[in-house]
Amino acid sequence: MNEFHTLLKDPVRWSLVVIGAAIVGGFWIWVSAVPVDATTGGLIPSPREGFLAPEFTLESLSGDQISLSDMRGKVVVLNLWASWCPPCRAEMPALQRVYQENHERGLEVLAVNITAQDNLAAVEAFVQEFNLTFPILLDTSGKVGKAYIMRAFPTTFFIDQEGVIQRVIVGGPMSEVTLQSTVDQLLEEVP
Amino acid sequence: MYPILQIGPLAIQLPGLLLLAGLWIGTMLAERETARYKLDPGHISNMVFIALAAAIIGARLGYALKYLDLYLDEPLNLLALNLNTLSTTEGIAAGLISAMIYAQRKGLSLTPTLDTLTPGAAVFAIFFALAHISSGDAFGTATTVPWAIELWGATRHPTQIYELLIAVSVMLVILQIRKTKFFSGFTFTLFVALSAISRLFLEGFRGDSEIVFGSVRGAQLISFAMMIFALIALHLLSRNNAEKKDQTPA
């Protein structure tokens, strides 16, 4: 151990150590530099920040077929919810307000109801109660919940104009400020 | 990768819990370490606590300043228990500055304080790696090595495991080296050097690196600079202390 101390104090030998570290470190930086296709680049679909949002097509409460890929070019707030979940209930009014205020700026809200764990009558009553005007999608088989590895109600994904997930918020309720500031960030991005 | 621990109706965010546990054990260790440097353990734990509180407040204020209009409308949101509305840089700055102010006021001298904190920081790094294992963050690039793991839609380097192994090794080195006390600041500076080298090495396997200059991993450049800086500091500190020792008897 004392040898190490002597080495440390010796300016010549320690300079050699520092130069050696610089050469090895620099070489490693060069070797491990990233080929452009090696980073995720949002190309692999996965329900995580920095990845492409997994594609799905669902029927909405009003009977339309809606696909996530239809929304390319818009900022999408994808909210997975159920009518029996209190935090989902608590954050819906804020979601509706943020949708109204930003829809014309290019915001779309897709509220996917995990209908496999809910019932349609309750969903309809819920939507009426809060006067929700954004599309309510019905995940009757639970496939979207699975594809998005859902662990808690509600879970919200903020997806940018290129279809890449930029932020995931597990649980709730989200405040209007959280929603609005996150949406602002994404709307300000120029694709 | 089990980010949420479900105990009956309670969903506990495991990564956060691990970081909290690391912080607690790390602080305990730092408090014990004070005996070695004849510091007041109360001062050290207060400093950690104040730094944390300031970091959280600073992080929230930093975020709110960016969206001032929204927060002026609903100022109560400043108190929201939401980790997504925190700003990292401002938080770290606020934490460091308040720790420095506290240390200054209590007359804690710099290098013994840093040496005292180091074993705690080394243990915290282990919990940091465990939190990454739990959340699946800090993941690796796609690879075909036999020990690759299936994660986020690809077979990847298990960077979280590498991180854990390296953090454990660094801690073992630090727990040994702190007994030598070659000179004041040795344990801390060596820890900085080892951490920088670890990150420089680990970052090469990461699949989520920030890229600068087209293809270089930004974190590697920062680690490289820190490594060189810490290695040079080790030499300078050893000389300074040697001179002091020479001078004292005279």
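**A friendly note on chains A and B**

1. Let's start at a single residue. A:Pro54 sits in the loop that runs between helix 2 (11-31) and strand 1 of chain A. Please keep in mind throughout that this is a predicted model. Is A:Pro54 buried or exposed? It counts as buried, because 20 C-beta neighbours lie inside 10 Å, and a residue is called buried if 20 or more other C-beta atoms are within 10 Å of its own.

2. Who surrounds this proline? Setting aside neighbours within four places in sequence, A:Pro54 is in contact with A:Pro45, A:Pro47, A:Ala147 and A:Tyr148. Have a look at A:Ala147 in particular: A:Pro54 and A:Ala147 are 93 residues apart in sequence, yet their C-alpha atoms are 6.9 Å apart in space.

3. Now step back to the sheet of chain A. Seven strands form an open sheet in the order 2-1-5-4-3-6-7, with mixed pairing. Strand 2 (65-67) and strand 7 (165-170) of chain A stand at the edges with a single partner strand each, so one side of each has no neighbour in the sheet. From one strand to the next, the twist averages 30 degrees.

4. Strand 1 (residues 57-60) and strand 5 (residues 136-138) of chain A run antiparallel and are joined by two bridges. Which residue stands opposite A:Glu59 in strand 5 of chain A? That residue is A:Leu138.

5. Strand 3 of chain A deserves a visit of its own. Seven of its seven residues are buried, so strand 3 of chain A is largely enclosed by the rest of the structure. In a regular strand the side chains alternate between the two faces of the sheet. Here both faces are covered: A:Val75, A:Val77, A:Asn79 and A:Trp81 are buried on one side, and A:Val76, A:Leu78 and A:Leu80 are buried on the other.

6. What are the partners of strand 3? Strands of a sheet pair through backbone hydrogen bonds, either parallel or antiparallel. Strand 3 of chain A pairs with strand 4 of chain A in the parallel sense, over seven bridges, and A:Leu80 stands opposite A:Val112 of strand 4 of chain A. With strand 6 of chain A, strand 3 of chain A runs antiparallel and is joined by five bridges; there, A:Leu78 has A:Phe157 as its bridge partner.

7. Next, the helices that accompany the sheet. Strand 3, helix 3 and strand 4 of chain A make a right-handed β-α-β unit. Helix 6 (residues 176-188) of chain A lies across strand 3, strand 4, strand 6 (155-159) and strand 7 of chain A, and runs at about 145 degrees to strand 3 of chain A.

8. Over to chain B, which has eight helices and six strands. Along the sequence, chain B reads β-β-α-α-α-α-α-β-β-α-α-β-β-α. Its C-alpha atoms fill a box of roughly 65 × 55 × 45 Å along the principal axes. Of the 250 residues in chain B, 42% are buried. Among contacts in chain B between residues at least 6 apart in sequence, 69% join residues at least 24 apart.

9. Look inside chain B for the largest nonpolar core. Among its 56 residues, B:Ala122, B:Ala125, B:Ile126, B:Val170, B:Phe191, B:Ala193 and B:Met227 touch the most other members. Elements giving two or more residues to this core include helix 1 (14-37), helix 2 (41-66) and helix 5 (110-135) of chain B. Which element gives the largest share of this core? Helix 5 of chain B does, with 13 residues.

10. Finally, see where the chains meet. In all, 39 residues of chain B are in contact with 36 residues of chain A. On the chain B side, helix 3 (68-73), helix 7 (186-203), strand 6 (216-217) and helix 8 (218-247) each supply at least two residues. Helix 8 of chain B gives the most, with 11 residues. By class, this side of chain B has 21 nonpolar, 14 polar and four charged residues.

Notes
Residues are numbered from 1 along each chain as its sequence is written. Chains are lettered from A and ligands numbered from 1 in the order in which they are written. This is a predicted model: local features need pLDDT of at least 70, side-chain atom pairs count only at pLDDT 80 or more; totals for chains, interfaces and linings use all residues. Two strands pair if DSSP finds at least two bridges between them. Helices (H or I, at least four residues) and strands (E, at least two) are DSSP runs, numbered from the N terminus. Axes are lines fitted to C-alpha atoms, for helices over the stretch in contact, and angles run from 0 to 180 degrees between N-to-C directions. Two residues are in contact if their C-beta atoms, placed from the backbone, lie within 7 Å. Ala, Val, Leu, Ile, Met, Phe, Trp, Tyr, Cys and Pro count as nonpolar, Asp, Glu, Lys and Arg as charged, and the others, Gly among them, as polar. A nonpolar core is a set of buried Ala, Val, Leu, Ile, Met, Phe, Trp, Tyr and Cys residues joined through C-beta atoms within 7 Å. A residue is buried if 20 or more other C-beta atoms lie within 10 Å of its own, exposed if 12 or fewer, and partly exposed in between; C-beta atoms are placed from the backbone. A crossover is right-handed if, with the strands pointing away from the viewer, the path from the first strand over the helix to the second runs clockwise.
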